[in-house]
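Reader: I would like to go through this structure step by step. Could we begin with how some of the helices pack?

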Amino acid sequence: VELSDYLDLFSTLGVARYYVDATPWYLYSADAAASIRRMSPDAHIVINLRNPVAVLSSLHTRHVLVGLEPEPDFARAVFGDPRPPDPTEFRRSLDYLAAGRFGEQALRFTEAFPPEHVHFVSMIEMAQQPQAAHLALLESLGLEATPLDDYARYNEAKTVRNRAMSWAAARVAGSRHSSRARRALASRLARRFAVAGRDPLDPEVAQRITEELRDDILLLEKASGRDLSRWLQV
């Protein structure tokens with residue numbers, strides 16, 4: 001994506017003191033932290049802390065839902081044979097363990113920005129006490145701590161109701177070289193064949209993922225200054 005195309009996304013917003021870009025994949029990108037620092041050295045970074053086991057399970061479900069993941073079994077998708085090299089944006093995330101190494105990913109931002117510009121928030125706190133978590137984040141950003149009228153949840157867990165129809169929708173919308181617009185169309189179509197909820201995760205699979213990511217979780221704990229020991233207790 002060209003820089004001019006990215007800046008065009010903000011062209012209709014007019015003059016503002018702050019602009020917000022909520023893009024989870026910046027964390028996974030090897031280049032985003034340095035690029036953001038060059039472009040906007042005064043930027044503030046907000047990193048949402050969520051147990052990588054839950055994140056990877058959710059990511060796998062979404063990939064299956066939109067037809068990007070050919071392996072419906074989560075354990076085989078994570079620990080099966082290595083995937084063929086594929087540099088395309090979303091298919092790189094099929095390396096689930098690499099996608100879940102949040103410690104080394106967060107470190108790129110804590111090394112690129114001063115500590116007062118990198119803010120960590122807890123997904124659990126946001127879910128259980130959304131107003132308190134929201135106000136605390138605003139205060140850490142130096143903004144007026146004004147609560148919202150509503151703390152509705154969005155993008156709640158979904159799972160495939162009809163995998164054949166989901167795959168058909170994804171193939172209609174695009175292939176491995178599909179454009180962003182075609183992938184978005186695939187996602188909208190696939191969601192029509194999904195239902196709320198998610199299948200329970202096998203405790204043995206959760207334990208195995210936790211052990212694989214143990215050192216990285218400890219790295220994230222150090223980088224964030226948060227107690228993440230509960231993530232290691234599967």
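Author: This is a predicted model. In it, helix α7 (residues 102–112) packs with helix α12 (residues 203–224) at an angle of about 30°, and their axes are 7 Å apart.

Reader: Is that pair roughly parallel or roughly antiparallel?

Author: Helix α7 is roughly parallel to α12, because angles under 35 degrees count as roughly parallel.

Reader: Which residues make the contact?

Author: On the α7 side they are Phe102, Gly103, Glu104, Ala106, Leu107 and Thr110. Helix α12 contributes Asp216, Leu219, Leu220 and Ala223.

Reader: How many residues of that contact are nonpolar, polar and charged?

Author: The contact of α7 with α12 has six nonpolar, two polar and two charged residues.

Reader: And the crossing of α7 and α12, is it left-handed or right-handed?

Author: Helix α7 passes α12 in a left-handed crossing.

Reader: Now α3 and α7, please. How do their axes cross?

Author: The axes of α3 and α7 cross at roughly 25° and come within 8 Å. This makes α3 roughly parallel to α7. Their crossing is right-handed.

Reader: Which residues of α3 and α7 are in contact?

Author: Ala32, Ala33, Ile36 and Arg37 of α3 meet Arg108, Phe109 and Ala112 of α7. By class, five residues of this contact are nonpolar, none is polar and two are charged.

Reader: Let me change topic to Ala30. Where is it found?

Author: Ala30 lies in the loop between α2 (25–28) and α3 (32–39).

Reader: Is Ala30 buried or exposed?

Author: Ala30 counts as exposed, because its relative accessibility is 59% and the cut-off for exposed is over 50%.

Reader: How far apart are Ala30 and Glu104 in sequence and in space?

Author: Ala30 and Glu104 are separated by 74 residues in sequence, and their C-alpha atoms are 9.9 Å apart in space. Glu104 is also one of the α7 residues in the contact with α12.

Reader: One more residue, then: His119. Where is its place, and why does it count as buried?

Author: His119 is in strand β2 (residues 118–122). It counts as buried because its relative accessibility is 8%, and buried means under 20%.

Reader: What joins the side chains of His119 and His44?

Author: A polar contact of 2.9 Å joins those two side chains.

Reader: Which residues does His119 touch?

Author: Leaving aside residues up to four places away in sequence, His119 touches His44, Ile45, Val46 and Ile47, together with Leu137, Ser140 and Leu141.

Definitions and conventions:
Residues numbered from 1 in each chain as written. Predicted model: local features only at pLDDT ≥ 70, side-chain atom pairs only at ≥ 80, totals over all residues. Heavy atoms only, no water. Helix = DSSP H or I, 4+ residues; strand = E, 2+ residues; numbered from the N terminus. Buried < 20%, exposed > 50% of the residue type's maximum accessible area, 1.4 Å probe, protein only. Axes fitted to C-alpha atoms, helices over the stretch in contact; angles between N-to-C directions. Parallel < 35°, antiparallel > 145°, perpendicular 65-115°, else oblique. Left-handed = near helix turned anticlockwise from the far one by under 90°. Contact = heavy atoms within 4.5 Å. Nonpolar A, V, L, I, M, F, W, Y, C, P; charged D, E, K, R; others polar. Polar contact = N/O pair within 3.5 Å; in protein donor to acceptor, adjacent residues only side chain to side chain.
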